[in-house]
Amino acid sequence: MSAECHGFLESDNSIRECMVDASNQRMPYALRRLFATILVFCEPTDVRGLFNEFYPHMIEDYQLTNNIVGDNLTNKLLRELRDLLLLHGKFIKDYDLLAITIETTEGDGVPKMILEELSVQIPHDDIQSVEKLNSDQMFAFNTIMNVINHKESVVFFVDGPGGTGKTLLYRALMAVLRSRGDIVLATASSGIAATLLPGGRTAHSRFRIPFEIEPSSKCTMPKQGDLEKLMRRAIAIIWDEAPMINKYRVEALDRTLQDVMGSNAPFGGKVVIMGGDFRQVLHLRQNMRSMHDHEFAEFLMRIGDGNEPTKSDDMVRVPNEIGIQWEGESSIHNLIQHTFPHLENHVWDASYMVERAILTPKNRDVQMLNDIIIDHFLGEEHNLMSFDEVEGDTHNLYQQEYLNTIAIGSLPPHILKLKKGAPLMLLRNIDPKYGLCNGTRLLCRGLFRNLLDVEILTGSNAGNRAFLPRIKLKTTEGAGLPFVLSRKQFPVKLSFAITINKSQGQTIPKVGIYLPRHVFSHGKLEHNDIFHLCKELKKKHLDMYFEKKEGEFQKKWNIWKDEESLSSMCNIDDNIHRLKLYSLGWGSTIITDKTHMWNIVKREILAQRKYSEVSFLGHIISGSGIDPSKVDAVSQWETPKSVTEIRSFLGLAGYYRRFIEGFSKLALPLTQLTCKGKSFVWDAQCESSFSELKRRLTTASILILPKPEEPFVVYCDASKLGFGGVLMQEGKVVAYASRQLRIHEKNYPTHDLELAAVVFVLKILVRVVWGGATGESLTWELESKMQESYPELFV
């Protein structure tokens, strides 16, 4: 019980506790949305019991503001829950809830979706915004309005980098059209961009575009349904950030609207306005956010167009007046003080928090900065821990200690350090219509073990309060893990500091930028990337800190040497050893530096010490070998009976793939069964593959431990099926690497395939030698040499 109270163990009653804490806040409108969120994301088991228990709390405001009693109250609540569930593609009939017995007839039979669009409020500033349009925007505005007035069928592409006023143009169009009673559907590819448009929704939720998309997919739009009637009524569709979306999703909407409208014209003849950086027609040039600083605006445009002069290695020089050189660790605290002055006086100040942030490229730097700031933030600190598991891991092969260490940008941390009044950023689309989208900035107003009370800081819903429960967040294939990690945690992170990518689409007046190393592609500050970095900023409010540390290796070495009493060790030379690569007669030599050598020496010395047992990635390894229970769990693994069970087994096997020769080929019969649309037929080939993988996982492989002081040889090969490679030393195998070709790679010519195999194999096997991220610069050096001769591999 004590462990549960402190958050170390998950309570079986956590969902009910969440609802209890929320009901005590006496905000019934937020409680109803919380209940819908729990139904969608939390998989409650006793839905009817929760509904009955908290029904009186969810209808409190109905009784105060409406003359409604009895069954009418229940039906009104059920209709609202139904509408909230529909935003996520869910249906109220799928849950153990009461049936709606009375339907309303408001609007003389007009569908509710149409009524909602007709009732979208038109901000007074938007009505007057037409007068504020510059020449580029006015040309686009008049062109689009002329097509709409003449009822023509045209698809527009509004091209312009951030800051050129695309959103102002959209809002002007919507204000004029809505003021005369027309319906304009405002959508965007991302949730944060949708919140900037009155009545905005994500394209996925508005058009019900399938998440699992195929080339022939259509939107989920029932015939003669309310959504289809809305599509017919709409006079125009605005789709912001269109270049971010997969083309199959755009084609799905095109195909669906052609069916709905009975027309073969693009999008069924609807006027569609797609915005983004297309480099095509209706090109907006003037940077509206820097219109009072023409010098800085021109600087941004030169970078965006690739015309800014560069220094060596294509480096762009940032103006001196916004750049501050690194002067030691104290510079980080100076940056924080410049960005968040007198922070102690603004603990509950929403306007203060929304106007400032520190931007940095890497998630690990974001975490470091947020940890520093929250430690100095006033208030009681709460450490909210996640509950982690591997999907389908019924044998508990992955230890909690290892799972808790996994840090991925799309997931909240295992230990979420929070204080009341701290700014947060939402990591999932929870309630897009209400403004709770991925990237929405929030303020923590209250926190409990299973509930967060937050205030929305950005978008048209700024100032509204909302409740957030713990939800299960899962990793995707892009996470690079051999399994699917499920982390139950609040879907937020601290947002004193955020990544540059997360700042896209947001205007932050007071910004600090922390660049501890060269950033973006291959260690260089590329033209287009620095444009995206600067596009949200106003020059007079920009502080940039560039960190350049000297003697980092010597400092680390001295600290570790003193701790480990190794003062007798002598200095180490920069040049250590050579790593040779062989593929089609092509070779390269890479020289390590002291930083890499420091890691090698430290690991080698520690490896030579005598330990009774060692913990490695959550596994306990002793003199007698690996924990026997782990071997038994694999050897006794039953034959998979579903795709989910196959994925669970392949997740474990893939975890050790570098120690299994020909893993991709060996596992092919099993991986084919996981393909979408493939019938589950367990044949002799599958049984043979399954048995052989189990045998290799539970028997000792003939591999040697690497010796860092000796040369390594990497052999690479490629075919039309996949890549393969072997890391060898003294004629013996250290590790293997292999994978199947991706779809686009099957079109590569043979020579390019061989070179791509070198990059893949080096990225995998160099970690065996240098460990973790210390091999990144080596891989970059190899890639840089290859890119000079074969740039098409890196497009």
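Met 301 is buried, with a relative accessible area of 7%; buried means under 20% relative accessible area, exposed over 50%, and partly exposed in between (1.4 Å probe, protein chains only). Met 301 belongs to helix α15, which covers residues 294-305. Helices (H or I, at least four residues) and strands (E, at least two) are DSSP runs numbered from the N terminus. The C-alpha atom of Met 301 is separated by 9.9 Å from that of Thr 164, although the two residues are 137 residues apart along the chain.

This is a predicted model, in which local features need pLDDT of at least 70 and side-chain atom pairs count only at pLDDT 80 or more, while totals for chains, interfaces and linings use all residues. Residues are numbered from 1 along each chain as its sequence is written, and side-chain values use heavy atoms, with hydrogens and water left out.

**The chain as a whole**

The protein chain contains 28 helices and 27 strands. Of its 795 residues, 49% are buried. Contact means heavy atoms within 4.5 Å. Among the contacts in the protein chain with a separation of 6 or more, 69% are between residues 24 or more positions apart.

**His 204 and Arg 249**

His 204 is found in helix α12 (residues 203-207), and Arg 249 in helix α14 (residues 247-261). His 204 counts as buried because its relative accessibility is 17%. Arg 249 likewise counts as buried, at 13% relative accessibility. The side chains of His 204 and Arg 249 make a polar contact at 2.8 Å. A polar contact is a pair of N or O atoms within 3.5 Å; within protein, one must be able to donate a hydrogen and the other to accept it, and residues adjacent in sequence count only if both atoms are side-chain atoms.

His 204 touches Ile 209, Pro 210, Phe 211, Ile 245 and Arg 249. Arg 249 is in contact with His 204, Ile 209, Pro 210, Phe 211, Ile 213 and Trp 239.

**Cavities**

A search of the whole structure finds six cavities of 30 Å³ or more. On a 1 Å grid over the protein atoms alone, a cavity is a set of points where a 1.4 Å probe fits but cannot get out, and lining residues have an atom within 4 Å of a point. Grid points are joined across faces, edges and corners, and a volume is the space filled by probe spheres set on the points. The table sets out two of the cavities.

| Cavity | Volume | Helix giving the most to the lining |
|---|---|---|
| Largest cavity | about 80 Å³ | α2 (residues 14-23), three residues |
| Second largest cavity | about 50 Å³ | α3, four residues |

The residues lining the largest cavity include Ser 14, Ile 15, Cys 18, Asn 450 and Lys 488. This lining divides into five nonpolar, two polar and two charged residues. Ala, Val, Leu, Ile, Met, Phe, Trp, Tyr, Cys and Pro count as nonpolar, Asp, Glu, Lys and Arg as charged, and the others, Gly among them, as polar. Domain 1 (1-103) and domain 3 (295-309 + 318-546) each give at least three residues to the lining of the largest cavity; these domain bounds come from an automatic or database domain assignment.

Among the residues lining the second largest cavity are Ala 30, Arg 33, Tyr 434 and Phe 467. The elements that give two or more residues to this lining are α3 (28-41) and β14 (465-469). By class, the lining of the second largest cavity has seven nonpolar, one polar and one charged residues.

Technical notes. 1 Å grid on protein atoms, 1.4 Å probe; cavity = no way out; pocket = protein on both sides within 12 Å on 5 of 7 lines; lining within 4 Å. Lists of a residue's contacts leave out its neighbours within four places in sequence.
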